[in-house]
Amino acid sequence: MLITTYFRKFLHSSQSSGFLLILCVLISLFVANSSLGVAFQNLLDTKIGTDIFQLNYSLSVWINDGLMAIFFLLVGLEIKREIVEGELSTFKSASLPIIAAVGGMVVPGLIYYFFNKGTEYADGWAIPMATDIAFSLAIISMLGKRAPLSLKIFLAALAIVDDLGAIMVIAIFYTDQLHWDYLGLSALMVVILILLNVFKFKKHIFYIIPGLFLWYFMHHSGIHATIAGVLLAFTVPTNVSVTEISPLEKMEQKLHLPVNFLIMPIFALSNTNITFKEGMVDGLFTNFGYGIIFGLVFGKIIGINLFSWIFIKLKISDLPDKSSWSQMLGAGLLAGIGFTMSIFIALLSFKGHAEIQDEAKFAILVASIISGIAGFTLLKYIGKKKEVLAELED
């Protein structure tokens with residue numbers, strides 16, 4: 001009985017999923033650099049599916065394009081709920097994550113370009129632009145009540161806009177060919193989903209089936225398929241009623257446990273299997289390494305806070321509720337966790353150059369660790385300080 005109680009507390013703790021994610025990262029790094037590394041990579045490369053519908057992909061693709069679409073669906077549902085009835089329900093609050101995300105893409109890209117313009121590494125300018133939404137949200141969730149809810153929502157919205165921006169950059173600059181027929185079919189699915197909302201269809205199945213087709217068409221269009229999760233989320237109906245639970249809230253509740261305790265750990269295990277090789281450390285102390293590390297660690301915090309400060313001073317946007325500028329600095333640091341999307345861009349930037357790809361992976365890992373630890377430490381310190389001041393006032 002006692003074990004059951006502790007297990008329930010673990011599942012419903014906002015910090016538990018973050019600890020589990022970090023544990024999976026450590027396990028993945030250990031396995032990748034052990035005698036099991038080759039076998040684990042072979043497992044991730046194993047093809048699963050059928051050629052009939054062009055759905056024969058490796059396990060890693062199913063994880064990153066399939067399971068992560070479900071994660072993006074959950075985050076999209078949370079963002080939509082906040083736009084309709086929560087922290088992002090006003091223009092001033094909703095505009096801040098968008099402009100902050102723009103700053104968080106522009107400044108890191110410029111820093112990287114400054115270090116690598118005219119070199120063989122110049123094509124990787126988009127590497128430090130991306131924020132890993134999964135890891136950044138996992139870290140901030142570990143802070144519990146020491147980080148205000150509005151700041152978590154701000155970071156989630158910022159990361160989604162950032163990832164959508166990264167997807168567009170990939171589509172425009174790093175995709176060999178866009179398939180417009182599949183993009184057209186994707187648009188048709190979105191229209192169908194919107195009409196289902198307009199005509200007040202409330203059962204989840206009416207949205208899940210077109211959503212699966214949307215994912216399929218998006219995946220074959222040449223654009224990262226996870227965007228399908230966000231688009232689906234924004235068509236699921238909700239309301240502002242406090243007495244009636246909306247279809248959006250019901251779906252959100254059903255997705256929380258499987259996403260936090262199954263999908264995210266699997267994602268961490270499959271994406272952190274970086275094999276350390278000779279020369280990786282030396283690669284950190286080159287213009288290439290500086291561009292990635294400085295772009296993610298300093299570029300993110302500068303770009304996000306500079307653009308936010310300008311728009312707040314112009315009275316176009318507002319700071320997240322009950323948040324301070326010091327906490328915004330912490331959020332800016334957490335946004336420097338580039339990881340999966342940054343690695344993905346690095347692989348596209350340097351196709352056929354395995355050594356450069358490995359150097360990029362290691363630099364991204366180091367930058368993400370620095371940003372994650374620094375952001376967590378700063379926000380934890382500020383949260384403790386606020387708690388002490390609140391106790392003194394009482």
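Start by selecting Glu 244: this residue is partly exposed, with a relative accessible area of 42%. On the scale used here, buried means under 20% relative accessible area, exposed over 50%, and partly exposed in between, with a 1.4 Å probe and protein chains only. You are looking at a predicted model, in which local features need pLDDT of at least 70 and side-chain atom pairs count only at pLDDT 80 or more, while totals for chains, interfaces and linings use all residues. Residues are numbered from 1 along each chain as its sequence is written, and side-chain values use heavy atoms, with hydrogens and water left out.

**Stop 1: salt bridges**

Glu 244 sits in the loop between helix H10 (227-233) and helix H11 (247-271), and Lys 202 in the loop between H8 and H9, so the pair ties together parts that are 42 residues apart in sequence. Helices here are DSSP runs of H or I with at least four residues, strands are runs of E with at least two, and both are numbered from the N terminus.

How many salt bridges does a search of the whole structure find? There are six. Next, pick Arg 146 and Glu 387, whose closest N and O atoms are 3.4 Å apart in another salt bridge. Arg 146 lies in the loop between helix H6 (133-141) and H7, whereas Glu 387 belongs to helix H16 (residues 354-393), so this pair ties together parts that are 241 residues apart in sequence. Both ends are partly exposed: Arg 146 has a relative accessible area of 25%, and Glu 387 has 34%.

Now go to Glu 82 and Arg 81, a salt bridge with its closest N and O atoms 3.1 Å apart. Is Glu 82 buried or exposed? Glu 82 is buried, at a relative accessible area of 9%.

**Stop 2: the nonpolar patch**

Select Val 191, Ile 194, Leu 195, Val 198, Phe 199, Phe 201, Ile 205, Phe 206, Ile 208, Ile 209, Leu 212 and Phe 213 and show their surface. Together they make a nonpolar surface patch of about 1,100 Å². Patch members have over 30% relative accessible area and no salt bridge; like charges are joined within 9 Å, and nonpolar side chains (Val, Leu, Ile, Met, Phe, Trp, Tyr) within 5 Å. The areas come from the Shrake-Rupley method with a 1.4 Å probe, and for residues only the protein chains shown count as cover.

Helix H8 (180-198) and helix H9 (205-221) each supply at least two residues of the patch, and H9 gives the most, with six. Zoom in on Phe 201, which is in the loop between H8 and H9. Phe 201 is partly exposed, with a relative accessible area of 31%.

**Stop 3: the nonpolar core**

Which residues touch the most other members of the largest nonpolar core? Among its 110 residues, they are Phe 71, Ile 140, Phe 154, Met 264, Phe 288, Ile 292 and Ile 345. A nonpolar core is a set of buried Ala, Val, Leu, Ile, Met, Phe, Trp, Tyr and Cys residues joined through side-chain atoms within 4.5 Å. Helix H7 (residues 149-174) contributes the largest share of this core, 15 residues.

Center on Ile 345. Not counting residues up to four places away in sequence, Ile 345 touches Ala 126, Ile 127, Ala 130, Ala 166, Ile 170 and Tyr 174, where contact means heavy atoms within 4.5 Å.

Then select Met 328 in helix H14 (residues 325-334). Met 328 is buried, with a relative accessible area of 0%. Leaving aside neighbours within four places in sequence, its contacts include Leu 96, Leu 151, Phe 154 and Asn 305.

**Stop 4: a hairpin**

Finish with strand E1 (residues 47-50) and strand E2 (residues 55-58), which run antiparallel and are joined by four bridges; strands pair if DSSP finds at least two bridges between them. Gly 49 has Asn 56 in E2 as its bridge partner, and Lys 47 stands opposite Ser 58 in E2. This hairpin has four residues between the strands, and its Gln 54 takes a positive phi near 55°.

Conventions. Salt bridge = Lys/Arg side-chain N within 4 Å of Asp/Glu carboxyl O.
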